[in-house]
Amino acid sequence: MREVFITGGTGYIGTRLIKGLQQLGGYRISAVVRKTSANKLPVGCEVIVADALNAETYKHLIPRNSIFIHLVGVPHPSPSKKEKFKSIDLRSIEYACKAALFAGVSHFIYICL
């Protein structure tokens, strides 16, 4: 079983990705979610209640040699969302990189739309 760790698993891409990986089989998937979004993950996905903007809340929960997929971001980016991009997208990727290095993941995938 290949371990996959996802941030942003309840978003548009995240939910579809998780369902797709589940259909393929051979993956054990865990995803970081806010407490209020825990019920939005597809059934069978391990729920990690944490803060994607604070690596300290989840870095110990990332399986070693896993595939880390970072999908956190502001929906429908535009110049008017510049400050949100800095406070969410930029901040979350900085923390995700630190957490991935700490955990020793085998692959790191960042999707920014």
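Figure 1. Helices (H or I, at least four residues) and strands (E, at least two) are DSSP runs, numbered from the N terminus. The model is predicted, so local features need pLDDT of at least 70 and side-chain atom pairs count only at pLDDT 80 or more, while totals for chains, interfaces and linings use all residues. Residues are numbered from 1 along each chain as its sequence is written, and side-chain values use heavy atoms, with hydrogens and water left out. The buried residues of α1 are Gly14, Thr15, Ile18 and Leu21. Seen down the axis of α1, these buried residues fall within an arc of 130°, so they line one face of the helix; the arc is that of the directions from the helix axis to the C-beta atoms. Buried means under 20% relative accessible area, exposed over 50%, and partly exposed in between (1.4 Å probe, protein chains only). An α-helix has 3.6 residues a turn, so residues three or four places apart point the same way. The face turned away from the buried side of α1 carries the exposed residues Tyr12, Gln23 and Leu24. Gly25, with a positive phi near 80°, follows the helix.

**Figure 2. The unit formed by β1, α1 and β2.** Strands β1 (residues 2-7) and β2 (residues 27-33) pair in the parallel sense over six bridges. Two strands pair if DSSP finds at least two bridges between them. The chain passes from β1 through α1 (residues 12-24) to β2 in a right-handed β-α-β crossover. A crossover is right-handed if, with the strands pointing away from the viewer, the path from the first strand over the helix to the second runs clockwise. Thr7 stands opposite Val32 in β2. The buried residues of α1 pack against β1 and β2, where contact means heavy atoms within 4.5 Å.

Figure 3. Val4 lies in β1 and is buried, with a relative accessible area of 2%. Leaving aside neighbours within four places in sequence, Val4 is in contact with Leu21, Tyr27, Arg28, Ile29, Ser30, Ile67 and Ile69. The C-alpha atoms of Val4 and Asn65 are separated by 9.3 Å, although the two residues are 61 residues apart along the chain.

**Figure 4. Strand β4 and its two partners.** β4 (residues 67-70) pairs with β1 in the parallel sense over four bridges, and Phe68 is the bridge partner of Phe5. Four bridges also join β4 to β5 (residues 107-110), which run parallel. In β5, Tyr110 is the bridge partner of His70. β4, α2 and β5 make a right-handed β-α-β unit.

Figure 5. Asn65 lies in the loop between β3 (46-49) and β4. The phi of Asn65 is near 65°, a positive value in a residue other than glycine, and at 48% relative accessibility Asn65 counts as partly exposed. The loop between β4 and α2 holds His76, a residue that is not a glycine but has a positive phi of about 50°. His76 is exposed, with a relative accessible area of 68%. Pro79 is placed in the loop between β4 and α2 (82-103) and counts as exposed at 79% relative accessibility. The C-alpha atoms of Pro79 and Ile67, 12 residues apart along the chain, are separated by 31 Å.

**Figure 6. Cysteines Cys45 and Cys97.** Cys45 counts as buried at 9% relative accessibility, whereas Cys97 counts as partly exposed at 34%. The structure holds zero disulfides, a disulfide being a pair of cysteine sulfur atoms within 2.5 Å.
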